[in-house]
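Subject: Structure handover

Dear colleague,

My notes on it follow.

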Amino acid sequence: MEILQATFISSVADLAKCPPPDKPEFAFIGRSNVGKSSLINMLANRKQLAKTSNKPGKTQTINHFIINDIWYLVDLPGYGYASVSKSLKAGFGKIIDNYVLKRENLDCLFVLLDARLEPQKIDLSFLEWAGTAGVPIALIFTKSDKLSANELSKTMKRFKDVLTQYWEEVPPSFITSAETKRGQAEVLNFIDEVIRN
Ligand code: GDP
């Protein structure tokens, strides 16, 4: 699949104000600075589809885009700063919790992980929380241009080792780079397949 058409629909701070759940939906989440805006722009071949609006201190919003008139792409607020609660039980803040747990047409939540870093506590907590809730997830390792193939496979293995502790099956994973466009076809083809099934 190629993204031929990408149109901004809405930016809201409440699940109830999201567009009607009438299309397949794919959402992107991660810690602030993980490379989410760059990835969304890379997938869509746009320079500024996703603005860097979800920065610490800014209002947290759920941003919907309609792609090729077929599916919704959603840019979620970053987790891991003010919105994070101390106990996993309490989740990741009302906006994220409600959206992730209750959005009925959510086909896949892409959780972005910085390929350069060791598994971060907050990322593992998020994955554990979402995994326990049965949310359909795929992992995206970002900024892969910054490290060697060997370093990359080490990071991925570390994550997979941890994830097998609380996931029966490790979620699908993708390696991307907004600089080289690595992973663009793989992520879009995955979305295409999910939509078709
Ligand atoms: P966000 O806060 O998750 O939306 O992150 P941004 O997309 O704004 O990216 C954060 C920083 O990482 C920026 O300085 C980007 O230029 C940089 N960055 C994002 N993706 C990549 C990538 O694939 N490769 C490299 N080398 N840098 C990246």
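Which residues does Phe28 touch, not counting residues up to four places away in sequence? They are Lys36, Leu39, Ile40, Val74, Asp75, Leu76, Phe110 and Leu112, where contact is taken as C-beta atoms, placed from the backbone, lying within 7 Å.

Two points on conventions. This is a predicted model, in which local features need pLDDT of at least 70 and side-chain atom pairs count only at pLDDT 80 or more, while totals for chains, interfaces and linings use all residues. Residues are numbered from 1 along each chain as its sequence is written.

Overall fold. The protein chain has 5 helices and 7 strands, counted as DSSP runs numbered from the N terminus (helices H or I, at least four residues; strands E, at least two). Along the sequence the pattern is β-β-α-β-β-α-β-α-β-α-β-α. The radius of gyration is 16 Å, close to the 16 Å that the globule rule gives for 197 residues, so the chain is as compact as a globular protein of that length; the radius is taken over C-alpha atoms, and the rule is 2.2 Å times the number of residues to the power 0.38. Of contacts between residues at least 6 apart in sequence, 73% join residues at least 24 apart.

Core. Of the 197 residues, 36% count as buried (20 or more other C-beta atoms within 10 Å of the residue's own; exposed means 12 or fewer, partly exposed in between; C-beta atoms placed from the backbone). The largest nonpolar core has 47 residues, and Phe28, Leu109, Phe110, Val111, Leu112 and Leu113 have the most contacts inside it. Such a core is a set of buried Ala, Val, Leu, Ile, Met, Phe, Trp, Tyr and Cys residues joined through C-beta atoms within 7 Å. Strand S5 (residues 106–114) supplies the largest share of this core, 6 residues.

Helix H2. In H2 (residues 94–102), the buried residues are Ile96, Tyr99 and Val100. Seen down the helix axis they fall within an arc of 90°, so they line one face; the arc is that of the directions from the axis to the C-beta atoms. Their cover includes strand S3 (62–67), S5 and helix H3 (121–132). Glu104, in the loop between H2 and S5, is exposed, with 6 other C-beta atoms within 10 Å.

Ligand. The ligand is surrounded by 16 residues, the closest being Gly35, Lys36, Ser37, Ser38 and Ala178 (C-beta atom, placed from the backbone, within 6 Å). Helix H1 (residues 36–44) gives the largest share of this shell, 3 residues.

Regards

Definitions and conventions. Contact = placed C-beta atoms within 7 Å.
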